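Please keep both in view while reading.

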Amino acid sequence: MAWDGRTVLAVVPARGGSKGVPRKNIAEVGGLSLIARTAAIVKALPWIDRALISTDDPDFAAEARAHGLDAPFLRPPELATDTAAAADVWAHAWLAAEAQHGVRFDVSVYLQPTSPFRTPAHVEATVRALVEGNRAAACTVSRVPGHFTPQKLLLRDAQGTLSFFAADGALHKNRQTIPAYWYRNGYCYAALRHTVVEKRLIVEEDCVGVTVDGPIVNIDDPFELDVARWLATRE
């Protein structure tokens, strides 16, 4: 247990009030709920010392317990809104776990159930980049497709006239000339204690990006859930 002598906590955030896909976190993909799929990743990583769910929903808590995650509390209402800051949710769970176990956790990973095709290797690579790179935080990222980069975005005025969002947009005829842009894909966040608990940050000035190649599925709407279910038939 532990990573290079550092105690590790896994936090699985699963709010009950999803509007895009009601009861999203217990929706099934490949015969398992999203919570169960995340719990399976945790079980595959022996260096995780403790793992818990942060939820305001008793059914989600029961599902987590059934698959080996702790559920020591129900998230307070102020942290269960769709505007609650993820850093506050993470910090609350971190401190609750420390109080429960009497242990100070050095590192934590934040694993959103809405990424059903995350693998243990993604989580391990993120923690490795954090610890071995002596960073304060790390997160998985994917490259922004060329047609969604700032140079390809357009503005449209009240008359419907289009203009480039980026000042140099007209200069880029081919995507190969556009700089690389990256987005957080939600597969894994990792951070040191002071980053989350003390500074209440997730992606801060000393955050390293860990590249995930290939298609990314993050479930926020029914179409993405359908795509995930189809992809699960091909696993």
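The model is predicted: local features need pLDDT of at least 70, side-chain atom pairs count only at pLDDT 80 or more, and totals for chains, interfaces and linings use all residues. Residues are numbered from 1 along each chain as its sequence is written, and side-chain values use heavy atoms, with hydrogens and water left out. Helices (H or I, at least four residues) and strands (E, at least two) are DSSP runs, numbered from the N terminus.

**The sheet**

- Six strands form an open sheet in the order β4-β1-β5-β9-β6-β10, and the pairing is mixed; two strands pair if DSSP finds at least two bridges between them.
- At the edges lie β4 (50-54) and β10, each of which pairs on one side only.
- Neighbouring strands of this sheet are turned against each other by 25 degrees on average, direction ignored; axes are lines fitted to C-alpha atoms, for helices over the stretch in contact, and angles run from 0 to 180 degrees between N-to-C directions.
- Strands of a sheet pair through backbone hydrogen bonds, either parallel or antiparallel.
- Strand β1 (residues 8-13) pairs with β5 in the parallel sense over four bridges, and V11 stands opposite Y110 in β5.
- β1 and β4 also run parallel, joined by five bridges, with L9 opposite R50 in β4.
- β4 is largely enclosed by the rest of the structure, because four of its five residues are buried (buried means under 20% relative accessible area, exposed over 50%, partly exposed in between, with a 1.4 Å probe and protein chains only).

**Helix α4**

- Helix α4 (residues 120-132) has 13 residues, which should span 18 Å at 1.5 Å a residue; its end C-alpha atoms are 18 Å apart, in agreement. The expected span is 1.5 Å times one less than the number of residues.
- H122, V123, T126, V127, L130 and V131 are the buried residues of α4.
- Viewed down the axis of α4, these buried residues fall within an arc of 155 degrees, so they line one face of the helix; the arc is that of the directions from the helix axis to the C-beta atoms.
- An α-helix has 3.6 residues a turn, so residues three or four places apart point the same way.
- The exposed residues A121 and E132 sit on the face of α4 turned away from its buried side.
- Cover for the buried residues of α4 includes α1 (34-43), β5 (107-110), β6 (137-143), β9 and β10 (207-211), where contact means heavy atoms within 4.5 Å.
- Just after α4, N134 takes a positive phi of about 55 degrees.

**Salt bridges**

- The model has twelve salt bridges, a salt bridge being a side-chain nitrogen of Lys or Arg within 4 Å of a carboxyl oxygen of Asp or Glu.
- R23 forms a salt bridge with D57, with the closest N and O atoms 2.3 Å apart. This pair links distant parts of the chain, 34 residues apart: R23 is in the loop between β1 and β2 (28-29), and D57 is in the loop between β4 and α2 (58-66).
- R23 is partly exposed, with a relative accessible area of 31%, whereas D57 is buried at 9%.
- A network of salt bridges links R23, D57 and D59.
- D220 forms a salt bridge with K24, with the closest N and O atoms 3.6 Å apart. D220 lies in the loop between β10 and α6 (222-232) and K24 in the loop between β1 and β2, 196 residues apart.
- D220 counts as partly exposed at 48% relative accessibility, while K24 is buried with a relative accessible area of 11%.
- E98 forms a salt bridge with R193, with the closest N and O atoms 2.8 Å apart. E98 belongs to helix α3 (residues 86-101) and R193 to helix α5 (residues 193-198), 95 residues apart.
- E98 and R193 are both buried.

**Residue F165**

- F165 is found in the loop between β8 (162-164) and β9 (182-192), and counts as partly exposed at 49% relative accessibility.
- Residues up to four places away in sequence not counted, F165 touches P150, L153, L154 and L155.
- F165 and P150 are 15 residues apart along the chain, and their C-alpha atoms are separated by 6.5 Å.
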